[in-house]
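Subject: Handover of a structure

Dear colleague,

Please find below the sequence and the structure that I am passing on to you. My notes on what was found follow directly after them.

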Amino acid sequence: MKNKELKEEETTRANIRKRTIISFGVFFLLITLGILGWKWLNNQDQSDGVLKPLRTVLNANEKINNALVGTGHLVKEYPKSKAGNDVRVNGDVGMGDDFDAMHWKLTVNKHPETTSPDSVLHLTMDDVRKLPYKDLTFDFKCIEGWSQITNWGGTKFSDFLLHYHLGTHSGRDIDPNHPEDIYKYVGLMTPDSAYYVGIDMKSIMHPQTILAYEMNDSILPVNQGYPLRLIIPIKYGIKSIKRIGYIYFSDTRPKDYWFEHGYDYDAAL
Ligand SMILES: Nc1nc2c(c(=O)[nH]1)N[C@H]1C(S)=C(S)[C@@H](COP(=O)(O)O)O[C@H]1N2
Ligand SMILES: [Mo]
């Protein structure tokens with residue numbers, strides 16, 4: 001009896017030793033793999049400010065987002081009374097003091113391949129104000145982690161495009177039945193070209209995407225984008241470009257300031 005117990009105890013000990021050795025082996029193997037993986041990742045080329053393997057993941061996310069962002073999905077809206085008066089000012093790229101607001105015009109280039117006079121529009125704020133009015137109170141989210149409920153007034157981007165017959169190769173109105181005629185992207189830039197964003201057509205046509213010229217029922221403050229900014233609630237604040245000078249269309253991704261600094265091109269919420 002005693003002998004048997006002793007034997008059992010010995011085999012148990014041997015088993016424990018064996019398992020401990022295996023555990024350590026696995027532990028060191030994982031650490032080695034981790035270090036090798038990290039080294040491999042860091043040896044990869046950069047693509048648009050981000051390591052290539054990471055960029056591939058970001059691009060995959062973007063495809064899924066593009067498939068999901070339909071005009072049916074609406075961002076939550078709040079009563080105007082919930083909007084803050086003390087609106088945070090964030091980001092001043094392309095917002096220099098040398099801006100001549102008196103002579104500002106919105107330059108719209110209808111086609112990427114030509115700058116012939118009949119392909120370019122020069123619009124005033126009076127032109128923009130003639131379009132149907134739309135206001136919106138929503139939770140504005142910055143990629144840095146803060147958010148704020150704010151109120152904006154202007155015109156739907158989709159109304160702007162349809163009124164000026166913009167966004168198509170043919171110059172006809174955007175028609176979902178003719179997707180081949182619709183440019184894939186809209187590019188927007190500040191007058192000094194220092195800040196710029198690219199937005200896919202589906203998102204720019206979203207019913208909550210607006211060309212805003214008011215905040216809390218008053219004219220936009222200068223540091224909030226006077227005279228005209230984008231408000232695009234389905235995306236992070238980085239896409240809501242302040243002080244728009246140029247709008248253009250393209251079938252390839254327009255350049256994008258924060259994408260060049262390593263952020264996801266879509267910046268979808
Ligand atoms: N021209 C311009 N537009 C810009 C930025 C900028 O630096 N320059 N920053 C963006 C960022 S990161 C955010 S969060 C919002 C902030 O808008 P607000 O200053 O009105 O709060 O503007 C966006 N639009
Ligand atoms: Mo932001």
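Predicted model: local features only at pLDDT ≥ 70, side-chain atom pairs only at ≥ 80, totals over all residues.

On its own, ligand 1 has 530 Å² of accessible area, of which the protein covers 98%. Around the ligand there are 19 residues, and those that come nearest are Arg88, Asn90, Val93, Arg229 and Lys242. By type, the shell around ligand 1 consists of nine nonpolar, six polar and four charged residues.

I turn next to the protein interior. In soluble globular proteins, nonpolar side chains tend to be buried together. Here the largest nonpolar core has 52 residues; the members that touch the most others are Phe157, Phe160, Leu161, Leu188, Met201, Ile204 and Ile247. Strand β9 (residues 210–215) supplies the largest share of this core, with five residues.

Leaving aside neighbours within four places in sequence, isoleucine 204 is in contact with residues including Phe157, Ser158, Val186 and Leu230. Serine 158 belongs to helix α4 (residues 157–163). Serine 158 counts as buried because its relative accessibility is 10%, where the limit is under 20%. Not counting residues up to four places away in sequence, serine 158 touches Ile204 and Met205.

With kind regards

Note on methods
Residues numbered from 1 in each chain as written. Chains lettered and ligands numbered in written order. Heavy atoms only, no water. Near = heavy atom within 4 Å. Areas by Shrake-Rupley, 256 points an atom, 1.4 Å probe, with all protein chains shown as cover. Nonpolar A, V, L, I, M, F, W, Y, C, P; charged D, E, K, R; others polar. Core = buried A, V, L, I, M, F, W, Y, C linked by side-chain atoms within 4.5 Å. Buried < 20%, exposed > 50% of the residue type's maximum accessible area, 1.4 Å probe, protein only. Helix = DSSP H or I, 4+ residues; strand = E, 2+ residues; numbered from the N terminus. Contact = heavy atoms within 4.5 Å.
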